[in-house]
Amino acid sequence: MKNIGEKVVCLVAYHIFFVLFVWSYWKTIFTLPMNPSKEFHLSYSDKESLEREPRGESQQEVLRRAAKDLPIYTRTMSGAIRYCDRCHLVKPDRCHHCSVCDKCILKMDHHCPWVNNCVGFSNYKFFLLFLAYSLLYCLFIAATDLQYFIKFWTNGLPDTQAKFHIMFLFFAAAMFSVSLSSLFGYHCWLVSKNKSTLEVFRAPIFRHRTDKNGFSLGFSKNLRQVFGDEKKYWLLPVFSSLGDGCSFPTCLVNQDPEQASTPGGLNSTSKNENHLFPAKPLRDSQSHLLTDTSSWSETSAKAENGKVGMSNPALTMENET
């Protein structure tokens, strides 16, 4: 490059992409996955009862008692409370046990070997930004290297070893761009549908049926659940996701009679009496996603159809990892 302005623009753009790429990659790697809070762990007496009693109705009672005040709505395939016998806790919704980390991870998406960490509630935004900025970084390198790559094949470059470096750089950047674009596009689709990678392969099972879109609140609310309400933080690798990772609003309006309405036993309803909200109040930043009654009207008809023929499943303990 001979033009000073072109050199300045390329250097500034390159370092912006590079800094954001390294920053988001660092946050994805070193942000510890969040684990369920203490309220989801069985008490010492419940653990003893669970170990002492044979499998059957007695263990069901222990799990009912432990889970009755918790905001959980998903079940196992057999309709049982999702219980982890390794961590000795009742699993919150969207929580799964990671066999690599050997602990339960809130809103687990997958365990990524490229970052040597679990991707879940605490670092999912960082992982998305890491994919976005690494894709932009590779595209920028491929675009600025393209003209010299063409000159390589037209013998327009000096006959030195540097021209082979140009060829290798272009091929590497182009190939990573293709793979990153497909992976980033897939996770953008997951965000728009409010799904995790695990939930795509195995849809969440609620009290009355399997619903692959049970946590979807619409594109705008799904996006805000991951990136937060403050748009100025959306493109920065700083935590701004809504909620606590232990409870999530759903598009379902049917409340599980096994669960208390609130920890205090009071009904928590919206302006529309038919729309019941999760048992345990969410954080204010998460709860306000549910205050817009118009978002519930879209799913009310669908939920009404599911009310017919519903019954309480037997709550049997099932080991799930």
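User: How much space lies in the largest pocket?
Analyst: A pocket is an open set of points on a 1 Å grid over the protein atoms alone, with protein on both sides within 12 Å along at least five of seven lines. Points are joined across faces, edges and corners, and the space filled by probe spheres set on them is the volume. For the largest pocket, this is about 420 Å³.

User: Before we go on, what kind of model is this?
Analyst: Residues are numbered from 1 along each chain as its sequence is written, and side-chain values use heavy atoms, with hydrogens and water left out. Local features need pLDDT of at least 70, side-chain atom pairs count only at pLDDT 80 or more, and totals for chains, interfaces and linings use all residues; the model is predicted.

User: Which element gives the largest share of the lining of the largest pocket?
Analyst: Lining residues have an atom within 4 Å of a point, and there are 16 of them here, with Trp114, Phe130, Ser134, Phe176 and Leu180 nearest the centre of the pocket. Helices (H or I, at least four residues) and strands (E, at least two) are DSSP runs numbered from the N terminus. At least two lining residues come from each of H1, strand E6 (110-112), H4 and H5. The largest share, seven residues, belongs to H4.

User: How many charged residues are in that lining of the largest pocket?
Analyst: Ala, Val, Leu, Ile, Met, Phe, Trp, Tyr, Cys and Pro count as nonpolar, Asp, Glu, Lys and Arg as charged, and the others, Gly among them, as polar. The lining of the largest pocket has 13 nonpolar and three polar residues, and the number of charged ones is none.

User: How many aromatic pairs are there?
Analyst: Rings of Phe, Tyr and Trp (its six-membered ring) pair if their centres lie within 6.5 Å; planes under 30 degrees apart are stacked, over 60 edge-to-face, and the rest tilted. By this rule, the count of aromatic pairs is 19.

User: Are the rings of Tyr25 and Phe130 stacked or edge-to-face?
Analyst: Tyr25 lies in helix H1 (residues 4-30) and Phe130 in helix H4 (residues 124-153), so their pair ties together parts 105 residues apart in sequence. The ring centres are 4.8 Å apart and the planes are at 20°, so the pair is stacked.

User: Is Phe130 buried or exposed?
Analyst: Buried means under 20% relative accessible area, exposed over 50%, and partly exposed in between (1.4 Å probe, protein chains only). Phe130 has 12% relative accessibility, so Phe130 counts as buried.

User: How far apart in sequence are the parts tied together by Phe121 and Phe248?
Analyst: The centres of these two rings are 6.4 Å apart and their planes are at 75°, so the pair is edge-to-face. Phe121 is buried at 5% relative accessibility, and Phe248 is buried at 2%. Phe121 lies in the loop between strand E7 (117-119) and H4, and Phe248 in the loop between helix H7 (219-227) and helix H8 (284-287), so the parts are apart by 127 residues.

User: Which residue has its charged end over the ring of Phe248?
Analyst: A charge sits over a ring if NZ of Lys or CZ of Arg is within 6 Å of the ring centre and within 35 degrees of the ring normal. The face of Phe215 has Arg94 over it, at 4.5 Å from the ring centre. Over Phe248, at 5.1 Å from the ring centre, sits the charged end of Arg94.

User: What is the volume of the second largest cavity?
Analyst: A cavity is a set of grid points where a 1.4 Å probe fits but cannot get out. The structure holds four cavities of 30 Å³ or more. The second largest cavity has a volume of about 70 Å³.

User: Which elements give two or more residues to the lining of the second largest cavity?
Analyst: Phe121, Asn194 and Asn222 are among the residues that line this cavity. Its lining divides into five nonpolar, four polar and three charged residues. The elements that give two or more residues are helix H5 (162-193) and H7.

User: What is the phi of Asn194 near?
Analyst: Asn194 is in the loop between H5 and helix H6 (197-201). At 5% relative accessibility, Asn194 counts as buried. Its phi is positive, in a residue other than glycine, and is near 55°.
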